[in-house]
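Try each task before you read its solution.

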Amino acid sequence: MAGQKNHFKIYAPKIFNQTIPYAIDRYVAEVKRLYRVMNNQLEHETYLASDHYSIADISSYPWIYEDDQLALGDYPNLKQWVPSIQKWDAVIQATRIAEESLDAYTKQHGEEASSITTSKKAKKLFGTDNGTH
């Protein structure tokens, strides 16, 4: 759901010059609903599936951590959960590797090349460079 939200809210307007309000509203609302579910779960548990760190936390964290489109202020338990995930060694290492990789790529290819909004990347990600298939 978060990927669809990002596609219609971020990528479609920049890459394809398309803004589709229904799609944006639909996926933003669905992500907010999922955040409410997670926030409610975290009222009673330390982690998303139980009191133990699990694949639920591992797979959800990147979408929530990277989501600057939705403020977590409305979801206090989820907001508190983010730093609890960030303390895990594997998360620290993965974040460092991702940042180093992006920095190296940007140095080699330039700032514009690291942007997801380039035509070349649109073709690779979405199978198109102009909004058509």
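The exercises below go from the whole chain down to single residues.

This is a predicted model, in which local features need pLDDT of at least 70 and side-chain atom pairs count only at pLDDT 80 or more, while totals for chains, interfaces and linings use all residues. Residues are numbered from 1 along each chain as its sequence is written, and side-chain values use heavy atoms, with hydrogens and water left out.

**Exercise 1. Which residues have the most contacts inside the largest nonpolar core?**

Step 1: Set the rule. A nonpolar core is a set of buried Ala, Val, Leu, Ile, Met, Phe, Trp, Tyr and Cys residues joined through side-chain atoms within 4.5 Å.

Step 2: Apply it. The largest core has 16 residues, and Tyr35, Ile64, Leu72, Leu78 and Trp81 have the most contacts inside it. Helices α2, α3 and α4 each supply at least two residues of this core.

Step 3: Look elsewhere. Another core, of five residues, lies apart from it and includes Ala23, Ile24, Tyr27 and Val28.

Step 4: Zoom in on α4. Its buried residues are Asn77, Leu78, Trp81, Val82, Ser84 and Ile85. They pack against α2, α3 and α5 (89-109).

**Exercise 2. Are the rings of Phe8 and Tyr27 stacked or edge-to-face?**

Step 1: Know what to look for. A pair of aromatic rings is described by the distance of the centres and the angle of the planes. Rings of Phe, Tyr and Trp (its six-membered ring) pair if their centres lie within 6.5 Å; planes under 30 degrees apart count as stacked, over 60 as edge-to-face and the rest as tilted.

Step 2: Count pairs. This rule gives six aromatic pairs. For Phe8 and Tyr27 the centres are 5.8 Å apart and the planes are at 5 degrees, so this pair is stacked.

Step 3: Phe8 sits in helix α1 (residues 2-15) and Tyr27 in helix α2 (residues 21-44), so to speak 19 residues apart, and the pair links distant parts of the chain. Phe8 is buried at 17% relative accessible area, and Tyr27 is buried at 17% too.

Step 4: Check for a charge over the ring, which needs NZ of Lys or CZ of Arg within 6 Å of the ring centre and within 35 degrees of the ring normal. The charged end of Arg26 sits over the ring of Tyr27, 5.3 Å from its centre.

Step 5: Look for clusters. Tyr47, Tyr53 and Trp88 form one.

**Exercise 3. Where does Tyr75 lie, and what is it in contact with?**

Step 1: Locate Tyr75 in the loop between α3 (55-65) and α4 (76-86).

Step 2: Judge its burial. Tyr75 counts as buried because its relative accessibility is 6%.

Step 3: List its contacts, leaving aside neighbours within four places in sequence: Lys32, Tyr35, Arg36 and Asn39. Tyr75 and Met38 are 37 residues apart in sequence and 8.6 Å apart in space, C-alpha to C-alpha.

**Exercise 4. What does Ser60 touch, not counting residues up to four places away in sequence?**

Step 1: Find Ser60 in helix α3. Its relative accessible area is 19%, so Ser60 is buried.

Step 2: Read off the partners, with the sequence neighbours left out: Met38, Leu48 and Trp81.

Definitions and conventions: Helices (H or I, at least four residues) and strands (E, at least two) are DSSP runs, numbered from the N terminus. Buried means under 20% relative accessible area, exposed over 50%, partly exposed in between (1.4 Å probe, protein chains only). Contact means heavy atoms within 4.5 Å.
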